[in-house]
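Have a look at the sequence and the model below.

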Amino acid sequence: MCGIVGYVGARRAAPLLLDALKRLEYRGYDSAGIATVFKKLHVKKDKGRIHEIDRKLKLADLPGNVGIAHTRWATHGKPSRANAHPHLDSSGKVAVVHNGIIENYLELRQFLRKHGHRFVSETDTEVIPNLISYFMHQGKNLERSIRETTKRLKGSYAMAIACVEEPDKIIVVRKESPLILGIGNGEAFLASDIPAVLSHTKRILVLENGEMAVLTPAKISIKRIASGAVVKRKPMVVTWTAEMAEKMGYPHFTLKEIFQQPDAVRDTLRAATGELEKLVKLLLKAERIYIIACGTSYHAALVCKYALAKLADMSVEAVISSEFQESCRVDGKTVILAITQSGETADTLKAVQVAKAGGAKVACLTNAVGSSITRESNIVCHIYAGPEVSVVATKTFAAQVAYLLLLAIHLARERSLPKSKADELIKRLGGISDAMRAVLTGVEPQVKKLARRYCSAEHIYLIGRGIGYPLVMEGALKLKEITYIHSEAMPAGELKHGTLALIDQGTPVIAVVPPGESRVRMAGNVEEAKARGATVIAVAEEGDDMKGHVDEFIPIPPTEELFSPLLYIIPLQLLAYHITVELGQDPDRPRSLAKSVTVE
Ligand code: F6R
């Protein structure tokens, strides 16, 4: 996730863009840059936080009344000056800022190199200005060249383009990544999000998928990219404060990030290519595999363990990082997969160092390009969840799980799963984001009611089996972290071995019952709890006849067992969030917790 902004009008662009970038920094903050048009393109960019870059380069000094800018959260290529946006074509006439992922950039690079274009960055974005200038060299104007370019791009993008040959305008294009336009008096703005422009205008146009717009000081004209047909749209007048806008109208970052999960999953699955293949090869050669992680990342590791056992017939150990050196042995044939969204968790870094000292090879899965874990790893894999502001992990969990499920399918295909079956599963996993969206909107009203009913509970128990077990662990962790209610997750079969003694009249028990062969045994465990007087809330497939046996039933649309974590975790996250709000607590700032735990 990155932030883009742009301005055309009568005022100097650079100071406005700098201010707007600062307001978008929550979308990414490893590098930033501005390009303005004044007789030629003027560019200042570097790695680092915006205020640091500004101190060094004086970003606001750039001349001109037209400009585009970017704050980056690295995806392709480490944070560096060369990889920072804006990117220019090799002739220095076209500048582009881009938020999204170009999947076919390697093949486009090859094509453009053959036509004399040179590349100076490792990014996917750099192909865009070069492709545009390739078409401009054929005599097409900027708009036409951009339309030709978009026909050849695979992936997602919100981008803004400035060009010295048509200096009074900016053109923007949108496919999937967000983009809004702001209408001023004799000026126009563009941005990834509303907060960036809110201090200048409240009149906003939201650009839809498959649309482009030409911004000049006098007007904004929107067209369909494919047909060129003009789109008429009335601006909306936004009444949010800047803080509300940063949360995109959600009352808290936690809720915003829960609702961003479908996008995080989609982007992660889309971007997983070369690094995933390397990881598959490494794991296939290993004699022993440990997946190490803490907290929420550990729960994703457990999902991976179950998926590998079921689908790829592989046995791996998922280990809590801080326990690794106490119980695990490594040698030269051991592979460690370290999962850490921040890439800075001290316990995980320590475990990795111990494993390396024993001769193990290390791969990591992280959300933070260039973080400490990436420097310790032989293979670096990324999720593409964008910065997670809330202390509690939600969208990074979904993105980790999506990546790990994809990994399991690839490993299974290399071992025994027929290729056609694996391809079918990959295709269906690609469609899971839509199902997640349906669950998010479908279950929230019911979960809100449940939150009102259970916010005064002293204890909540959660039970699950198989792939459902890591989910209840994750649900219990969310409840503990932000509601402060004691919550305990149990493998459902283990309840009768002790914890059942704590369950009596009215004790809330949440049973997570994904589809699959463990469903029948879960039904037995639900009866056990009911027999002790528990109030059972079941999260199960819609139409399941368990509905008639429990106190509350949260229906989830049908999906395969393997993908169920991505849908079944949603009501648990929402329940923790809404109970917290009912209790008058702040879900974004839980007591005693930090986002990155950099001490052992
Ligand atoms: C839970 C949470 C923590 C982290 C844990 C590991 O909501 O945020 O449990 O999951 O501290 O963090 P990373 O993934 O950064 O290593």
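How many bridges join strand β23 to strand β24? There are six, between residues 508–513 of β23 and residues 535–541 of β24, and the two strands run parallel.

## About the model

The model is predicted: local features need pLDDT of at least 70, side-chain atom pairs count only at pLDDT 80 or more, and totals for chains, interfaces and linings use all residues. Residues are numbered from 1 along each chain as its sequence is written, and side-chain values use heavy atoms, leaving out hydrogens and water.

## The sheet

β23 and β24 belong to an open sheet of five strands with parallel pairing, in the order β22-β21-β23-β24-β25. At its edges are β22 (486–491) and β25 (552–556), each pairing on one side only. From one strand to the next, the twist averages 15°.

Here, two strands pair if DSSP finds at least two bridges between them. Helices (H or I, at least four residues) and strands (E, at least two) are DSSP runs, numbered from the N terminus.

## Helices on the sheet

Helix α16 (residues 432–454) packs on the sheet and touches β23, β24 and β25; its direction makes about 165° with that of β25. Helix α17 (residues 468–483) lies across β21 (459–464), β22 and β23, at about 175° to β22.

Angles run from 0 to 180 degrees between N-to-C directions, with axes fitted to C-alpha atoms, for helices over the stretch in contact. Contact means heavy atoms within 4.5 Å.

## A buried arginine

R109 lies in helix α3 (residues 105–114). R109 counts as buried because its relative accessibility is 10% (buried is under 20% relative accessible area, exposed over 50%, partly exposed in between; 1.4 Å probe, protein chains only). Leaving aside neighbours within four places in sequence, R109 is in contact with F119, S121, E122, T123, E126 and V127.
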